[in-house]
Amino acid sequence: MSTAFRIGIDLGGTKIEGAAVDLSGAVRVRRRVATPRQDYGATITAITSLINGIEQEIGTAASIGVGIPGAVSPITGLVKNANSTWLIGRPLKQDLEAALGRPTRLANDANCFALSEATDGAGAGMETVFGVILGTGVGGGVAIGGRTLVGANAIAGEWGHNPLPWPASDEVPGRRCYCGRFGCLETFLSGPALAADHRRSTGQNMEAHQIANAAAGGEAACLASLGRYMHRLARGLASVINLIDPDAIVLGGGLSAIPTLYDEVPRLWAPFVFSDRVVTRLLPPCHGDSSGVRGAAWLWRAGEVS
Ligand SMILES: [Zn+2]
């Protein structure tokens with residue numbers, strides 16, 4: 001494809017963001033619209049008109065990559081594992097290609113995050129990067145050598161639905177997860193999970209960022225809740241290090257804004273990692289909210305679009 005731009009789309013549960021990224025990696029045009037929730041046809045229309053608008057502004061056609069809250073099944077070609085449930089079972093890639101008249105690449109949104117941070121973000125130049133989203137849900141993606149690891153089932157990096165490792169007696173069986181199992185990492189490490197854990201131990205209704213702020217101010221009960229959270233995060237990440245031994249783990253999502261995680265969690269994961277020394281780094285994201293659109297744009301590599 002002959003173009004000087006790549007367009008990345010981040011299809012979220014509440015908003016669809018689109019950006020045109022030039023060959024130097026600079027975001028040149030950025031737009032967002034509300035996601036037509038529960039309406040698949042309107043979602044297709046919203047994505048295509050977002051792309052049309054961006055292309056009018058840049059004056060040329062571009063390659064299209066789309067990050068989705070789920071995965072395209074390699075067996076059926078249909079969307080699965082999407083918390084935006086109106087996408088499940090739909091041939092989203094085919095329908096977008098038909099509407100846009102060109103090949104379109106789709107990937108899981110956490111994979112796009114990992115790819116963005118591995119390409120020119122916090123993990124730039126590193127061979128293996130594990131990207132983690134800690135937000136309303138918990139996701140993960142693996143980038144190796146500047147490419148996303150998709151996997152035979154298109155679930156590589158789906159870490160949030162593994163159980164919490166090395167659980168204490170009061171952590172089993174854990175809470176029921178929407179996936180049907182108990183004690184998934186997501187039920188401990190999402191923002192709502194931190195808030196619920198704090199509510200159970202104190203009776204206080206506070207959101208995750210409020211707990212983190214109060215803990216930073218020295219409030220004892222919030223320090224305790226954040227301490228439990230960090231210990232659980234450390235155990236969860238230690239199991240990832242033991243499995244893929246990444247150069248860096250980059251955090252994204254709302255909870256990645258808690259500064260103390262980056263000092264405390266590597267200290268806490270050390271006893272659980274099967275190595276005398278651990279050089280894996282835990283890093284905040286470089287591109288913040290932009291990593292969704294940037295990673296989707298990077299689904300087309302430089303040689304494919306220039
Ligand atoms: Zn689960």
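The model is predicted, so local features need pLDDT of at least 70 and side-chain atom pairs count only at pLDDT 80 or more, while totals for chains, interfaces and linings use all residues. Residues are numbered from 1 along each chain as its sequence is written, and side-chain values use heavy atoms, leaving out hydrogens and water.

Helix 5 spans residues 191-202; helices (H or I, at least four residues) and strands (E, at least two) are DSSP runs numbered from the N terminus. Its twelve residues reach 17 Å from first C-alpha to last, close to the expected 16 Å, where the expected span is 1.5 Å times one less than the number of residues. After the helix comes Gly203, whose phi is positive, near 80°.

Buried residues of helix 5 include Leu194, Asp197 and His198; buried means under 20% relative accessible area, exposed over 50%, and partly exposed in between (1.4 Å probe, protein chains only). The buried residues pack against helix 4, helix 6 and helix 7, contact meaning heavy atoms within 4.5 Å.

Ser225 lies in helix 7 and is buried, with a relative accessible area of 0%. Beyond residues up to four places away in sequence, Ser225 touches Leu194, Asp197, His198, Ser201 and Ile211.

Thr260, in the loop between strand 11 and helix 8, is partly exposed at 29% relative accessible area. Leaving aside residues up to four places away in sequence, Thr260 touches Leu226 and Met230.
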